[in-house]
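This briefing reviews selected features of the protein shown below. It starts with one side-chain contact and then turns to the elements around it and to the fold as a whole.

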Amino acid sequence: MKMITVGLIAVGLIVVATVALRPRIARAELVKAGDIAPPFSTQMVTGDTQAPVSLADFHGKKVILYFYPKDETSGCTKEACAFRDGYSRYTNAGLVVLGCSVDSADAHKDFIRKNSLPFPLLLDPDKKIATAYGAANGIPILGLDRRITYVIDENGKVLKVYPSVDPSTHAIEILNDLGVANAAPAAPASPAAPATN
């Protein structure tokens with residue numbers, strides 16, 4: 001019995017020492033309000049299509065760039081659906097919404113389809129974008145991004161940083177902070193009148 005107890009203590013000490021002494025993966029610094037937003041080029045998934053995109057493509061528009069850990073998880077789904085539900089207010093205010101995670105194109109396509117997401121999701125398999133924005137290694141054990149959002153102005157400067165995000169209220173929080181929460185939703189398009197001869 002004594003040998004088993006000593007053995008368990010030894011194993012416990014080895015595990016604690018291994019965890020305590022393993023190299024830490026440091027998080028990159030967050031980009032600060034007033035900084036120039038790090039440029040990026042990648043692929044974006046919109047619906048079932050994939051196309052090249054860069055931050056420069058949105059020059060002249062405000063961009064909401066939100067990082068999230070993983071498609072189809074409860075918090076990430078809640079956050080994406082909140083952006084979806086307020087999407088007409090974003091577009092009416094001239095705002096572009098871009099989501100970003102380490103998920104594959106197929107995972108993004110499924111996530112978009114299942115939740116009817118009207119905005120693009122960026123591919124970042126090598127975590128270059130997340131690293132540049134300080135969002136990489138938010139959940140180091142799983143290698144997932146941190147939940148963080150940036151508002152980037154029309155000239156590519158970071159206007160606002162949201163380092164602590166509540167997935168259920170975040171989308172409306174951004175609209176309130178930008179003063180566009182009460183922007184009217186887009187009116188449905190009127191059906192075209194039939195042509196008469």
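In this predicted model, a polar atom of the T42 side chain lies 2.4 Å from the backbone oxygen of L123. T42 belongs to strand 1, which covers residues 41-46. T42 counts as buried because its relative accessibility is 15%, which is under the 20% cut-off. Beyond its neighbours within four places in sequence, T42 is in contact with A51, P52, V53, L122, L123 and I129.

**Overall architecture**

- The protein has six helices and seven strands, and from the N terminus its elements follow the order α-β-β-β-α-α-β-α-β-α-β-β-α.
- The protein comprises 197 residues, of which 42% count as buried.
- Among contacts in the protein with a separation of 6 or more, 67% are between residues 24 or more positions apart.
- The accessible surface of the protein is about 11,000 Å², and carbon and sulfur atoms contribute 60% of this surface.

**Helix 2 and T77**

- Helix 2 takes in residues 74-85, T77 among them.
- The 12 residues of helix 2 should span 16 Å at 1.5 Å a residue, and this agrees with the 16 Å between its end C-alpha atoms.
- The buried residues of helix 2 are G75, C76, T77, E79, A80, C81, A82 and F83.
- The cover over these buried residues includes strand 3 (62-67), strand 4 (95-101) and strand 6 (148-152). Helix 3 (87-92), helix 4 (105-115) and helix 6 (170-177) are also included in that cover.
- T77 has a relative accessibility of 18% and therefore counts as buried, the cut-off being under 20%.
- Apart from neighbours within four places in sequence, T77 is in contact with E72, F111 and N115.

- Most residues other than glycine have a negative phi.
- E72, one of the contacts of T77, has a positive phi near 65°.
- E72 is located in the loop between strand 3 and helix 2, and with 38% relative accessibility E72 counts as partly exposed.
- K127 also has a positive phi, near 60°. K127 sits in the loop that joins strand 5 (121-123) to helix 5 (128-132).

- Strand 6 is mostly covered, with five of its five residues buried.
- In a regular strand, side chains alternate between the two faces of the sheet.
- In strand 6, I148, Y150 and I152 point one way, whereas T149 and V151 point the other way; all of these are buried.
- Strand 3 pairs with strand 6 through five bridges in the antiparallel sense, and I64 stands opposite V151 of strand 6.
- Strand 6 is also joined to strand 7 (residues 158-162), by four bridges and in an antiparallel arrangement. Within this pairing, V158 of strand 7 is the bridge partner of I152.
- The hairpin of strand 6 and strand 7 has five residues between the strands, and in this hairpin G156 takes a positive phi near 85°.

**Aromatic pairs**

- The whole structure contains 10 aromatic pairs.
- One of these is the tilted pair of F67 and Y133, with 5.7 Å centre to centre and 40° between the planes.
- F67 lies in strand 3 and Y133 in the loop between helix 5 and strand 6, so this pair ties together parts that are 66 residues apart in sequence.
- F67 counts as buried because its relative accessibility is 0%, and Y133 counts as buried on the basis of a relative accessibility of 0%.
- F83 and Y90 form a tilted aromatic pair, with 5.7 Å centre to centre and 50° between the planes. Both F83 and Y90 are buried.
- One aromatic cluster is formed by Y66, Y68, F83, Y87, Y90, F111 and F119.

Note on methods: Residues are numbered from 1 along each chain as its sequence is written. This is a predicted model: local features need pLDDT of at least 70, side-chain atom pairs count only at pLDDT 80 or more; totals for chains, interfaces and linings use all residues. Side-chain values use heavy atoms; hydrogens and water are left out. Helices (H or I, at least four residues) and strands (E, at least two) are DSSP runs, numbered from the N terminus. Buried means under 20% relative accessible area, exposed over 50%, partly exposed in between (1.4 Å probe, protein chains only). Contact means heavy atoms within 4.5 Å. The expected span of a helix is 1.5 Å times one less than its number of residues. Two strands pair if DSSP finds at least two bridges between them. Accessible areas come from the Shrake-Rupley method with a 1.4 Å probe; for residues, only the protein chains shown count as cover. A polar contact is a pair of N or O atoms within 3.5 Å; within protein, one must be able to donate a hydrogen and the other to accept it, and residues adjacent in sequence count only if both atoms are side-chain atoms. Rings of Phe, Tyr and Trp (its six-membered ring) pair if their centres lie within 6.5 Å; planes under 30 degrees apart count as stacked, over 60 as edge-to-face and the rest as tilted.
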